[in-house]
Amino acid sequence: MVRSLKNPKKAKRKNKQAKKGEGSSDSVPSLPAKVWQPGVDKLEEGEELQCDASAYNSLHAFHIGWPCLSFDVLRDSLGLVRTEFPHSVYCVAGTQAEKSSWNSIGIFKLSNISGKRRDLVPDKTGDENSDMDSNSSDSDEEEEAGSGTPVLQLHKVFHEGCVNRIRAMTQNPHIVASWGDTGHVQVWDISSHINALAESESDLSHGASAVSNQAPLFKFGGHKDEGYAIDWSPRVPGKLVSGDCRNCIHLWEPTSGATWNVSAKSYIGHTASVEDLQWSPTEDTVFASCSVDRNIIIWDTRMDNPLAATITAHKADVNVISWNKLASCMLASGSDDGTFSIQDLRMVKDGDSVVAHFDYHKHPITSIEWSPHEASTLAVSSSDNQLTIWDLSLERDEEEEAEFKTKMKEQVNAPTDLPPQLLFVHQGQKDLKELHWHSQIPGMVVSTAADGFNILMPSNIENAIPANVA
């Protein structure tokens, strides 16, 4: 279980520019581009990795001050399915500051997110000599939708202690729950901050340092230790589960007047820390938990014995899980040994529910999430500083590969040992911790790491949504 950020320091914006005029480019023969495999290839002295901007429809980096271990994307009223640039996104995040008293919940809006829709098979002649910036995919500015840089607007609310995890309610995204390292779970109403961000067009520099002292709606101190596991029900507004680093899970039932009845008796089935929780997308009373004890447990709160099933999922700690909202029989899990698996819950009673298992990553999995738009697609982040996107429906097709090589008029030296389901690899962030898809912008992924946030839209992510849908 890898949770804490390494040496949290306040992020500083870096202006990365290509060095020109150093040495003679004419004296050094240009070598063909090569696919670099993390964990396999090593950088020689003087070598550096270069971001291929043509691989992204959009790529932007930003930070809100102290690094954030956890965040959530907020649903907004800007459109259920948005496909045209520039984009705007709302998020809520919790900091991991150097001192406990410096922590806060950050509510922010990032607008004017520019980008361009690229062909799945790039025009080889069009991008050969493009100059790339590692912070955005602006290799062809005149054809890019949106102009200038993204605008960041930020509000802060004081939070006692570091924020281990933060989640927004699906039905009412202005209600968020935070798990603190103080051992408390708190519920907040951030509606005033969201409304202020929606009405303002000013950037980060105006009042960004001010931290409001807002009281939480509700505070629960019944856990015996701090924790990381928390999830709102996608079906019952206000219903919540939280799990701690002992082995206890508490069920929260909403009552009138913005309060909750939290079960005095905890759900105990794990023998070690509960790392993550996920509600069923189709059942009001069913949720899943995963633990350092290497197991996943399916719970049903209607039953006298709520422990419905136990799955031995991995050979090491199970760090994270994600329940597929488009194919509710599929549950993904990521482990401390770098592997991730897909469980078919219809097969649990037969004893072997694993339908896919991948060992591409060699370091702990820190986040995993199914795409809200494609049932077979999921994103994974790892301590190896890679964010990978997978399409489980893909298989190797030699004829298609030959056709692609012919169209590109060159030998494509892609490694043959990569899984055919591996769709995309994103790098450049240090100590990746969490990722989320944007449910209203198909193909957009937001990630957080020790050095800040990235917003990315890979150019090879296809969605079964018409391009003309507004």
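Author: Two strands pair if DSSP finds at least two bridges between them, where a strand is a DSSP run of E with at least two residues, numbered from the N terminus. This is a predicted model, in which local features need pLDDT of at least 70 and side-chain atom pairs pLDDT 80 or more, while totals for chains, interfaces and linings use all residues. Residues are numbered from 1 along each chain as its sequence is written, and side-chain values use heavy atoms, with hydrogens and water left out.

Reader: What makes β26 and β27 a pair?

Author: DSSP must find at least two bridges, and β26 and β27 have four, in the antiparallel sense. The two strands therefore count as paired. Within β27, L422 stands opposite W390.

Reader: In what order do the four strands of the open sheet stand?

Author: The order is β24-β25-β26-β27, with antiparallel pairing. From one strand to the next, the twist averages 15°, an angle between lines fitted to C-alpha atoms, taken in N-to-C directions on a scale from 0 to 180 degrees.

Reader: Why is one side of β24 and of β27 left without a neighbour in the sheet?

Author: Both stand at the edges, and each has a single partner strand, so one side of each has no neighbour in the sheet.

Reader: Why is the pair of Y360 and W390 called edge-to-face?

Author: Rings of Phe, Tyr and Trp (its six-membered ring) pair if their centres lie within 6.5 Å; planes under 30 degrees apart are stacked, over 60 edge-to-face, and the rest tilted. The centres of Y360 and W390 are 5.8 Å apart and the planes stand at 75°, so the pair is edge-to-face. Y360 lies in the loop between β23 (354-358) and β24 (365-370), and W390 in strand β26 (residues 387-391), 30 residues apart. The whole structure has 18 aromatic pairs. Ring pairs also link F218, F220, W232, W252 and W260 into a cluster.

Reader: Why does N247 count as buried?

Author: Buried means under 20% relative accessible area, exposed over 50%, and partly exposed in between (1.4 Å probe, protein chains only). N247 has 19%, so N247 counts as buried. C68 at 1% is buried too, and so is C290 at 0%.

Reader: What is N247 in contact with, leaving aside its neighbours within four places in sequence?

Author: N247 sits in the loop between β12 (240-244) and β13 (248-255). Contact means heavy atoms within 4.5 Å, and the residues that N247 contacts are Y267, I268, H270, T271, A272 and V274. Its side chain reaches the backbone oxygen of H270 at 2.9 Å.

Reader: How do you know how many disulfides the structure holds?

Author: A disulfide is a pair of cysteine sulfur atoms within 2.5 Å. The structure holds zero of them.

Reader: Why is strand β8 called largely enclosed by the rest of the structure?

Author: Strand β8 (residues 185-189) has five residues and four of them are buried, so the strand is largely enclosed.

Reader: Which strand does β8 pair with over five bridges?

Author: That partner is β7 (residues 175-180), and the pairing is antiparallel. I175 has D189 in β8 as its bridge partner. The hairpin of β7 and β8 has four residues between the strands, and there G183 takes a positive phi near 95°. Three bridges also join β8 to strand β10 (residues 218-220), again antiparallel, with Q186 opposite K219 in β10.

Notes. Polar contact = N/O pair within 3.5 Å; in protein donor to acceptor, adjacent residues only side chain to side chain.
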